[in-house]
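Open the model in a viewer and keep the selection panel at hand. The stops below go through pockets and cavities in turn.

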Amino acid sequence: MISYMKSEYYRIFRNKWTYLFILISSVLLASSNVVLAMVNGSEKNFPYATTKFAISMFYSNYPIVFILCIAITAMVFGNEYTNHTMKNSVSYGISRGDIYFGKFIVEVMYSILAFLIIGAIDIGFAYLLLENSGVDYLFLLLRACAAAFPLFLVAIAVANSFLFTIESTGASNAASVGLLLAFPLVCNMLGMKFTFFMELAKLLPWNMIYYIRFDMEKFQPILLWGGRNGYGYYWLIAFIEIIIVSVIGFVIYKKKEIK
């Protein structure tokens with residue numbers, strides 16, 4: 001698996017989109033801080049030119065990051081079926097287990113790297129250009145990251161499974177969106193009438209992220225499971241879901257004919 005992962009790292013870091021995604025995302029977030037600073041310079045008593053506001057925009061938009069995990073996974077996966085590289089890898093003697101789980105690990109590692117770089121640039125520009133609101137909001141961001149991170153991994157695991165089992169990238173992405181976004185919305189609606197769907201909805205990663213609330217007096221996230229102390233629940237639920245999704249995806253992929 002190590003050799004396969006090395007080849008994957010070599011491939012993705014020779015792809016311009018690997019860098020363009022990080023660059024574009026970083027520029028967009030950093031530019032928002034530049035705009036806030038410029039508006040603050042031209043308007044008196046502008047209330048939003050603070051690190052408090054900039055950081056809150058970051059952690060309040062975790063649902064968007066959750067969706068981006070699908071796009072990042074597809075980008076790192078590449079056109080394996082279209083370019084027949086998947087077939088070549090199997091023919092070369094690389095086991096399907098090494099390919100499936102090696103690809104997942106590479107997708108996770110790139111996602112972490114991209115998230116750290118983009119987040120560091122955004123926060124750095126915020127503290128450089130805007131009024132410093134203190135470190136409490138930064139610590140709140142880190143606590144929110146600790147809760148949301150395993151759910152991002154679930155999104156990557158789901159997208160990875162569909163990419164391996166559905167040859168069309170567009171169809172696999174649509175399936176990921178359907179399971180990760182549309183299915184929770186349906187469960188939320190059915191949960192208004194049926195208790196089963198109400199309880200099921202609480203276990204879905206989208207709802208677990210979307211319904212995170214924040215105690216701004218104690219600077220702590222209030223999670224759907226366990227309130228302020230629900231980090232263990234979030235990691236346990238995410239871990240179980242990653243295993244279920246990955247095993248199902250691998251079993252289907254193992255039986256799939258590679259064309």
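For the class counts on this tour, Ala, Val, Leu, Ile, Met, Phe, Trp, Tyr, Cys and Pro are nonpolar, Asp, Glu, Lys and Arg are charged, and the others, Gly among them, are polar. The model is predicted.

**Stop 1: the second largest pocket**

Select Leu179, Leu204, Pro205, Glu241 and Val245, which lie nearest the centre of the second largest pocket, out of 14 residues that line it. Then show H7, helix H8 (169–191) and helix H11 (231–255), the elements that give two or more residues to this lining. By class, the lining of the second largest pocket holds 13 nonpolar residues, one charged residue and no polar ones. The volume here is about 280 Å³.

**Stop 2: the largest pocket**

How much volume does the largest pocket have? The value is about 840 Å³. Select Leu29, Phe58, Val65, Phe115 and Ile118 next: of the 36 lining residues, these are the closest to the centre of the largest pocket. Five helices can be coloured for context, namely H2 (16–42), H3 (51–59), H4 (62–77), H6 (96–129) and H7 (136–165), each giving two or more residues to the lining. Which element supplies the largest share of this lining? H6 does, with eleven residues. Colouring the lining of the largest pocket by class gives 29 nonpolar, six polar and one charged residues.

**Stop 3: the largest cavity**

Two cavities of 30 Å³ or more are counted in this model. How does its lining divide by class? There are four nonpolar, six polar and two charged residues.

**Stop 4: the second largest cavity**

Finish by selecting Ile12, Asn15, Trp17, Thr18, Met75 and Val76, the residues that line the second largest cavity. H2 and H4 are the elements that give two or more residues to this lining. The space in the second largest cavity is about 30 Å³. By class, its lining has four nonpolar and two polar residues, with no charged ones.

Key. Residues are numbered from 1 along each chain as its sequence is written. This is a predicted model: local features need pLDDT of at least 70, side-chain atom pairs count only at pLDDT 80 or more; totals for chains, interfaces and linings use all residues. Side-chain values use heavy atoms; hydrogens and water are left out. On a 1 Å grid over the protein atoms alone, a cavity is a set of points where a 1.4 Å probe fits but cannot get out, and a pocket is an open set with protein on both sides within 12 Å along at least five of seven lines; lining residues have an atom within 4 Å of a point. Grid points are joined across faces, edges and corners, and a volume is the space filled by probe spheres set on the points. Helices (H or I, at least four residues) and strands (E, at least two) are DSSP runs, numbered from the N terminus.
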